[in-house]
Structures are given as structure tokens and as C-alpha cells.
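Please follow the structure below from paragraph to paragraph.

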Amino acid sequence: MLKQDPSAAPLAAGYRHTENAINIPLGKGVWQTVTGLGTVQRHYLDPVSGQAAYYGIMDEGAGLAVVTVRLRIENRSITEAEWYIARDGDPGLPGAKPPNSWNPQGLAATPPPERVLPADKRLSRETLIAIVNSYFDGITSHDGSVVLAHQGCNRYENGTQVTGRHGGTNDDCVSGLAGFNLANVAGRRISLVDDEAGVVLGMAVFIRRAGSPVPRNAFSEWFWIEDGKIRNIWTAMYYPEPERPVPNWPPYEGNFPLPGKQ
């Protein structure tokens, strides 16, 4: 990719590539814009599902992007690449500055730690998935007590820390769910489980309440799990316009906005 040469990569026939849920022809999109790897580079592997992923910063000439990249590998060839990309100036929440929380400098200051857990500290794949699902269940039920999370867990959206601004008291990753502007978590997927790192990649779309001026957001969330609970969450996410089908990956239920909703 840095050479801008798709022919040099082990891509399978029928390779599918999306950027923020838009299908991109081979050689276009990030194949043309990415010029280097940034100051934060995290790599995760899931041999059970045959997937690998990157979270961090990428250089695009003079610009920076906060990204998640998910790859699927079959028979030693890459069959899928799914990108979540946050760039300066992208659409986001009305009145927010920046609207999409784009903050690569913040991500560089508080990146996910790099670690390999000792064997006796690793949880089963099924347990890790259940812990992450408890987070989505807490959001959909508007009840933070459902979530298996450490008190004071932090959340970083596109590099911006959005929790812990009041010392972690009623201001952590499960606070405020009772009043959270959400009708449904659509397209929920657990895309990758790296049990050696204790890290899980979850993806979904927040569907807002009917009549809300707040747009949907499609997100990749990296869950760091310690001692059976969520410690912190890092994201790369974007705010699609109403007509865009998201996430545009199977299962396809929830890929389109509901009538009259964002």
C-alpha cells in the first residue's frame, strides 16, 4: 500500500475493499492516499477466524487519519479489507469541535498499550466475546449496570478522550447510558478476538431516536479486557449520511437507515 501498488499484495480474486462502508475499486482510495504509517501502530491477530487488523494512525501526505483496518485471509490470500477512517474535517456531531472527535495527537499521547498476556491471565474466546456483548447490551437497555466493566474505564473516540473529565466519578465508559440518545445498536459484529493480547474488536452502528438531529455513527471499537472486565475502549468511527448503507458487510440486517430516522 505504501508503494501504491496493489499488484504487490497477496490479494485474492474477488478481493472486497470498503472505506467507511463505500466499496472502492482496486487501486483507488487509500491505495492512492496513504503515504506512511503513523506514530501509533497496533497489530492484532485472530487465527481462529483467519483475520488480522491494524489500529492507529496513518499518514496521507501532510494529513493524518485515525484508522481501523480489518483483513480476512484465506489460503494465504487477502479476501477482505474493511476500513474505518477518521480524517480532519469529516462530518460528525452538530456543534462539536472537531465534529468527529478527530485527534491523532491525543491518540499518540494515550495509545492502547502493547502487551502479551501470560497464559494464566488469558480468557477464553467465548468469555471475551460475552464481555464485549455485555457492553452493547448495556447500551441498548440504557443500563450501565449490565456492562462488565471496571469502574473508571475510559473511552477514546478517534483519539479524543471522552470520559474521565471529572475524575472518573459518574464519568466512565458506562456512565450516562440511561439518557443516551439511541434507539438501537444495529449491525452488531464481533470481528476479531486476540486472546493473547486480551483485545476484542467490535463493530456496529448507533441508530438514534426518531426525530433526533444527531446522525448515526458507525464505529469500530477496540476493547481492552483485564480480569474479566473492560478496562478501556479505543475507537475509529465515522458519521455516514442518511442514505449510505452501513456497515455494508454481512450480516446485512441493519445495513440501511430506517424510514424517517438517522
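Arginine 70 lies over the face of tryptophan 249, at 4.9 Å from the ring centre. The charged end of arginine 16 also sits over the ring of tryptophan 249, 4.3 Å from its centre. A charge is taken to sit over a ring if NZ of Lys or CZ of Arg is within 6 Å of the ring centre and within 35 degrees of the ring normal.

The model is predicted, so local features need pLDDT of at least 70 and side-chain atom pairs count only at pLDDT 80 or more, while totals for chains, interfaces and linings use all residues. Residues are numbered from 1 along each chain as its sequence is written, and side-chain values use heavy atoms, with hydrogens and water left out.

Next comes the sheet. Strands of a sheet pair through backbone hydrogen bonds, either parallel or antiparallel. Here 6 strands form an open sheet with mixed pairing, in the order β2-β1-β6-β5-β4-β3. Its edge strands, each pairing on one side only, are β2 (22–23) and β3 (36–46). Strands are DSSP runs of E with at least two residues, numbered from the N terminus, and two of them pair if DSSP finds at least two bridges between them. Strand β5 (residues 63–74) runs antiparallel to strand β6 (residues 77–87), and 10 bridges join them. Threonine 68 stands opposite tyrosine 84 in β6.

The whole structure holds 12 aromatic pairs. One of them is edge-to-face because the rings of tyrosine 44 and tryptophan 224 have their planes at 75 degrees, with centres 6.4 Å apart. Since tyrosine 44 lies in strand β3 and tryptophan 224 in strand β11 (residues 217–226), this pair ties together parts that are 180 residues apart in sequence. Rings of Phe, Tyr and Trp (its six-membered ring) pair if their centres lie within 6.5 Å; planes under 30 degrees apart count as stacked, over 60 as edge-to-face and the rest as tilted. Both tyrosine 44 and tryptophan 224 are buried, where buried means under 20% relative accessible area, exposed over 50% and partly exposed in between (1.4 Å probe, protein chains only). Ring pairs link Tyr44, Tyr55, Tyr156, Trp222, Trp224 and Trp234 into a cluster.

There is 1 disulfide, defined as a pair of cysteine sulfur atoms within 2.5 Å. Cysteine 153 and cysteine 173 form it, with their sulfur atoms 1.9 Å apart. It links distant parts of the chain: cysteine 153 is in strand β7 (residues 149–157) and cysteine 173, 20 residues apart from it, is in the loop between β8 (160–161) and β9 (184–194). Why is the disulfide left-handed? The torsion about the S-S bond of cysteine 153 and cysteine 173 is about -90 degrees. Cysteine 153 is buried at a relative accessible area of 0%, as is cysteine 173 at 6%.

Asparagine 232, in strand β12 (residues 229–238), is buried with a relative accessible area of 15%. Its contacts (heavy atoms within 4.5 Å) include Cys153, Tyr156 and Trp224. A polar atom of its side chain lies 2.7 Å from the backbone nitrogen of asparagine 154. A polar contact is a pair of N or O atoms within 3.5 Å; within protein, one must be able to donate a hydrogen and the other to accept it, and residues adjacent in sequence count only if both atoms are side-chain atoms.

Arginine 42 belongs to strand β3 and is buried, with a relative accessible area of 11%. Among the residues that arginine 42 touches are Tyr55, Pro111 and Glu114. The backbone oxygen of proline 112 lies 2.6 Å from a polar atom of the arginine 42 side chain.

Key:
Helix = DSSP H or I, 4+ residues; strand = E, 2+ residues; numbered from the N terminus. Lists of a residue's contacts leave out its neighbours within four places in sequence.
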